[in-house]
Amino acid sequence: CFPLAWEAVLFGGTEGIAANEQYSVRMYPNPTSNILTLDPSSDLEALITVTDMLGRTVYAETIKGKTSIALGAFGTGVYLVKVSQNGRYTFNRVVVH
């Protein structure tokens, strides 16, 4: 059973971010039939990259604030969502059914 939301915490460099500041992104619902919502903990810009299991990039966008992506357009399956912000990054799996 999958949780309905994931919170991704970014790892890596800290350029431009105070040492005690943590940037995270909630992604929900997961699994989804179409719309995936990304809700970052701050309004800092972040690059969102979605790839399929063959490594093909199906979506890429720089976001600033809460954003929704229509993943249903890419077909059913498992996708990797990479969130990059100031040299920090995380990956999460998202299931589209």
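User: Which pLDDT level holds over residues 16-20, and how many contacts beyond four places in sequence does the model have for them?

Analyst: The pLDDT, the predictor's confidence in each residue from 0 to 100, stays under 50 over residues 16-20. For this stretch the model has 5 contacts beyond four places in sequence, a contact being heavy atoms within 4.5 Å. Where pLDDT is low, the predicted coordinates should not be read in detail. This is a predicted model, in which local features need pLDDT of at least 70 and side-chain atom pairs count only at pLDDT 80 or more, while totals for chains, interfaces and linings use all residues. Residues are numbered from 1 along each chain as its sequence is written, and side-chain values use heavy atoms, with hydrogens and water left out.

User: What does the chain average in pLDDT?

Analyst: The chain averages a pLDDT of 83, and 77% of the residues score at least 70. Over residues 10-14 the pLDDT is below 50, and this stretch has 15 contacts in the model beyond near neighbours in sequence.

User: Now salt bridges, please. Which residue forms a salt bridge with Asp52?

Analyst: Side chains of opposite charge can pair when their charged atoms come close. The rule asks for a side-chain nitrogen of Lys or Arg within 4 Å of a carboxyl oxygen of Asp or Glu. By this rule the count comes to 1 salt bridge. Arg56 forms a salt bridge with Asp52, and their closest N and O atoms are 2.7 Å apart.

User: Where is Asp52 found, and is Asp52 buried or exposed?

Analyst: Asp52 is found in the loop between β5 (46-51) and β6 (57-63). Strands are DSSP runs (E, at least two residues), numbered from the N terminus. Asp52 counts as buried because its relative accessible area is 11%; buried means under 20%, exposed over 50%, and partly exposed in between (1.4 Å probe, protein chains only). A polar atom of the Asp52 side chain also lies 3.0 Å from the backbone nitrogen of Leu54. Leaving aside neighbours within four places in sequence, Asp52 is in contact with Val58, Val78 and Tyr79.

User: How should I read a nonpolar core, and which residues of the largest one touch the most other members?

Analyst: A nonpolar core is a set of buried Ala, Val, Leu, Ile, Met, Phe, Trp, Tyr and Cys residues joined through side-chain atoms within 4.5 Å. The largest one here has 17 residues, and Ile48, Val50, Val81 and Val83 touch the most other members. The elements giving two or more residues to this core are β3 (24-28), β4 (35-40), β5, β6, β8 (77-85) and β9 (88-96). Val81 has contacts beyond four places in sequence, among them Met27, Leu38, Ile48 and Phe91.

User: How many bridges join β8 to β9?

Analyst: Two strands pair if DSSP finds at least two bridges between them. Here 9 bridges join β8 to β9, which run antiparallel. Gln85 stands opposite Arg88 in β9. The hairpin of β8 and β9 has 2 residues between the strands, and Asn86 takes a positive phi near 50° there. Asn86 counts as partly exposed because its relative accessibility is 38%.

Definitions and conventions
Helix = DSSP H or I, 4+ residues; strand = E, 2+ residues; numbered from the N terminus. Polar contact = N/O pair within 3.5 Å; in protein donor to acceptor, adjacent residues only side chain to side chain.
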